[in-house]
Amino acid sequence: MRLQPRNRKLYKKALEIFTLSRNISNYLVHDLSALQSNGSENPHIYFTGDIIRQSDDLADRIIKAENRTFQDDRIEEANSLIHITNKLYKNCERLEQSNSNGKEFLILLRKELKKFKYLHRNWMMTL
């Protein structure tokens, strides 16, 4: 099984998104971990973990898609990236609604996701 992807730009962008997501999550978790005035926890704190989990899955799916034998399997795996990217983008929007100082970083992550989507569309043509 080959561990290096053919499309290094897309793979590198996926790794950048993972690193950025992890750093944003670490930053936001401090703001969102405090209990609210009514004693409940902030519901947005769970989205910080979701962005890490989803962004971690991007690079793995790229490798899986390129290592599939049949074209239909490669395309199916590559299409799953669209779903993951959309969920990640939506979670960024949800986190922007939270009461945190890190909202500016989420805008940066969404811009990187748009670049990833562009690279992904081009990559899909080569599968």
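Modeller: Let us begin with Asp72, which has a relative accessible area of 63%, and keep in mind throughout that this is a predicted model.

Biologist: Why is Asp72 called exposed?

Modeller: A residue counts as exposed when its relative accessible area is over 50%, and Asp72 has 63%, so the label exposed applies. Asp72 lies in helix α3, and its C-alpha atom is separated by 9.4 Å from that of Leu127, a residue 55 places away along the chain.

Biologist: What makes the contact between Glu112 and Lys13 a salt bridge?

Modeller: The term requires a side-chain nitrogen of Lys or Arg within 4 Å of a carboxyl oxygen of Asp or Glu; in this pair the N to O distance is 2.5 Å, so the side chains of Glu112 and Lys13 meet in a salt bridge. The pair links distant parts of the chain, with Glu112 in helix α4 and Lys13 in helix α1, 99 residues apart.

Biologist: Why do Glu112 and Lys13 count as buried?

Modeller: The cut-off for buried is under 20% relative accessible area. Glu112 has 12%, so Glu112 is buried, and Lys13, with 12% relative accessibility, therefore counts as buried as well.

Biologist: Which label does Lys115 receive, and why?

Modeller: Lys115 has 44% relative accessibility, which falls between the limits of 20% and 50%, and therefore Lys115 counts as partly exposed. The side chain of Lys115 also meets that of Glu112 in a salt bridge, at 3.2 Å from N to O. These two residues are 3 apart in helix α4, which means that about one helical turn separates them.

Biologist: Which residues make up the network of salt bridges that includes Glu112?

Modeller: The network links Lys13, Glu16, Glu112 and Lys115. The structure holds 10 salt bridges, and another of them joins the side chains of Arg53 and Asp50 at 3.1 Å, N to O. Arg53 and Asp50 both lie in helix α2, 3 residues apart, or about one turn of the helix.

Biologist: What is Leu109 in contact with, once its neighbours within four places in sequence are left aside?

Modeller: Leu109 is then in contact with Ile17, Leu20, Ser21, Ile24, Ile51 and Cys92.

Biologist: How many helices and strands does the protein chain have, and in what order do its elements run?

Modeller: The protein chain has 4 helices and 0 strands, and from the N terminus on the elements run α-α-α-α. Along its principal axes the C-alpha trace spans about 55 × 20 × 20 Å, and 42% of the 127 residues count as buried. Among contacts between residues at least 6 apart in sequence, 76% join residues at least 24 apart.

Note on methods: Residues are numbered from 1 along each chain as its sequence is written. This is a predicted model: local features need pLDDT of at least 70, side-chain atom pairs count only at pLDDT 80 or more; totals for chains, interfaces and linings use all residues. Side-chain values use heavy atoms; hydrogens and water are left out. Contact means heavy atoms within 4.5 Å. Buried means under 20% relative accessible area, exposed over 50%, partly exposed in between (1.4 Å probe, protein chains only).
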